[in-house]
Every structure is written in C-alpha cells, then in structure tokens.
Amino acid sequence: MAADLDRAHHFYGELFGWGFRPTRQGHGRYTIAYTEGGVPTVGIGASSPSAGVNLPVTWTTYFAADSADEVASRVQERGGTVAVGPLEFGSGRVAWAADPDGANFGIWEGDLTSAWWGERRPGAPVWLELRTRDAFEAALFYGQAFGWDTQGRERCDVRFEHDRVVLHIDGKAVAGLRGGAIEAAPDPNVRPRWRVYFCVKDVDEVAERAAELGGGVISLPTDTPYGRIATLRDPEGGIFSVAAVRKGPADGDPDGRS
C-alpha cells in the first residue's frame, strides 16, 4: 500500500524495472507489477480511507486461503487479531490481521495469478522472512491458522534449517521464521514483522540506486551465510530487502540452498 501510487511506480519501476498495469482488484487505484517478460509479481495499491482500508505504507505478506472467513476465525481463536475484513476485494475476499506477537499479514481468498516462487528472476520476490519473538510458537500459530499441518508433507513441510524454521511448499523453500524480535523495540526492524526479499543482480548497485531515487538504506549490503543482502526503504518509508541472484539448486532461499 502506498500513499502516492505514482511515486511508488516511479521508484520501484526505476529500481527493479517493473512495468505496471491497472486492475479492478480492490477499492481505489490498484496495479499489478510485472517483471521482464510480463510475469506478474506484486500488487501496489493506493490507501483508500473512504473504503475503510487506510493502511500504512508497507509491504504486506498475503497467505492464500480456501475460505478467508474460516482462516480469520482460526487466527482469532489462536490469539491473533483481525483488523479489517474479511470483505469483498475485487475478484476475491481479503482480511488484514496480526499474529499474537503483532506481525501483520494478509489473508487472500481468490484467484492466484502469480507463480513466481522459485523463479530467480531479477525484480521478483524470492523469499519471505518473519522476525518474531519465538519462531517455533509462530510456526505453530501459522501452521494451525492456514492448515500447514493438515495438507500433508507432500504439500507443506516445516523444518528447522540454518538457524530458522523454514516453510516448504511443493518442495520449494518459500519462507523463514526467525526468533529474537522484541515486541516493544523502538526500532521497527527489531519488532516482529514479515519482510519480503526481491531478487537483484547486484545488491550494492541497487542500494545506491534506491538512495538516488529518494529512498534509503537501512542495513548496508552485507555478505551473510545466506548470500549478499541489504535492507532498504522507499521514499514513503516502506521497508523491503534485496538479495543477490545466485545460481544453484535454490528454491526460494536467498543463499541459493534449500
């Protein structure tokens, strides 16, 4: 969600090379971003106070659900909160919620037009990561809310790998849950939150370009056991991370390993 959609288009279009197409999804202005080759990758919408979805400028992780109402009920039953919805949103239904530690996420019931997981394409999301107080408690919450534990290991598999809990879907590592976040921390990077990583060819170049475009660098480019990464912000304060594209057997993990 962006306060100024045109400004967001300029920043991310220049940074990642995205193209944009308007869609009827949701209330107010909403666009789908496409990577090179016309592959849909993310959605960017303008906050719409009149529609009751005046969200802060932020990237939100959405989880698919067969029934947004059922998942919203399970979220509340397990100590989470549902801030908005479920409500009709374009061709589907959506709700915005938070887990028991306060990390925000979305629930989506409807068509899934993006199939970018595992496609290590520059500009495409490659990894989701939750920083939370207790990774194992969080895995139980999300697993029960979204049925990770009822869909069978051939569909969803949760393992402990490389100091984090890792979610595999259809054999691809798509998200990690890491402990150590502090709910009351003044620094938003330390508080529980979901973060999206986008694939790039050169992390240093992208970080420098983000600053030139009016954004900023929160965490300088760093070599880690999971590859070279950096945490950035857009001109309106939206936080995201970038990870270098690396060849290998990777199925979503920024380090090129599963």
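**Entry 1: overall picture**

I started with contacts: residues 24 or more positions apart account for 58% of the contacts in the protein with a separation of 6 or more, contact meaning heavy atoms within 4.5 Å. I am working on a predicted model, where local features need pLDDT of at least 70, side-chain atom pairs count only at pLDDT 80 or more, and totals for chains, interfaces and linings use all residues. My residue numbers run from 1 along each chain as its sequence is written, and side-chain values use heavy atoms, with hydrogens and water left out.

I then looked up the secondary structure and found four helices and 15 strands. Both kinds are DSSP runs numbered from the N terminus, with helices being H or I of at least four residues and strands E of at least two. Of the 258 residues, 50% count as buried. For burial I use relative accessible area with a 1.4 Å probe and protein chains only: buried is under 20%, exposed is over 50%, and partly exposed is in between.

**Entry 2: cores**

The largest one has 55 residues, and F16, F105, I107, Y142 and F240 have the most contacts inside it. Helix α3 (residues 135-146) gives the most to this core, with seven residues. Apart from it I found another core of eight residues, including I32, Y34, V84 and W108.

I checked the neighbours of Y142, leaving out residues up to four places away in sequence. Y142 touches F63, D99, A103, F105, L130, G147, W148, L177 and W194.

G143 also lies in helix α3. G143 counts as buried because its relative accessibility is 6%. Beyond four places in sequence, G143 touches W148 and D149. I also noted L167, which is 24 residues from G143 in sequence and 9.5 Å away in space, C-alpha to C-alpha.

**Entry 3: cavities and a pocket**

I ran the void search on a 1 Å grid over the protein atoms alone. A cavity is a set of points where a 1.4 Å probe fits but cannot get out; a pocket is an open set with protein on both sides within 12 Å along at least five of seven lines; lining residues have an atom within 4 Å of a point. Grid points are joined across faces, edges and corners, and a volume is the space filled by probe spheres set on the points.

The structure holds two cavities of 30 Å³ or more. The largest cavity has a volume of about 130 Å³. Its lining has 15 residues, with M1, A2, A8, Y12 and D234 nearest the centre. I see at least two lining residues from each of α1 (5-16) and β3 (39-45), and α1 gives the most, with four. By type, the lining of the largest cavity is nine nonpolar, three polar and three charged.

I counted 24 lining residues for it, with P56, T58, G102, N104 and R193 closest to its centre. Strands β6 (92-98), β7 (104-109) and β12 (193-200) each supply at least two residues of this lining. The pocket lining divides into 13 nonpolar, seven polar and four charged.

Buried or exposed: which is A33? A33 counts as buried, because its relative accessibility is 0%. A33 is found in strand β2 (residues 30-35) and, beyond four places in sequence, touches W18, G19, F20, V39, P40, T41 and V42.

A64 is found in strand β4 (residues 62-64). At 47% relative accessible area, A64 is partly exposed.

**Entry 4: cysteines and a cis bond**

How many disulfides are there? I get zero, taking a disulfide as a pair of cysteine sulfur atoms within 2.5 Å. C156 is buried at 6% relative accessible area, and C199 is buried at 0%.

Last, I looked at the peptide bond from G85 to P86, which is cis, with omega near 0°. P86 sits in strand β5 (residues 81-89). Most peptide bonds are trans.

How values were computed: Ala, Val, Leu, Ile, Met, Phe, Trp, Tyr, Cys and Pro count as nonpolar, Asp, Glu, Lys and Arg as charged, and the others, Gly among them, as polar. A nonpolar core is a set of buried Ala, Val, Leu, Ile, Met, Phe, Trp, Tyr and Cys residues joined through side-chain atoms within 4.5 Å.
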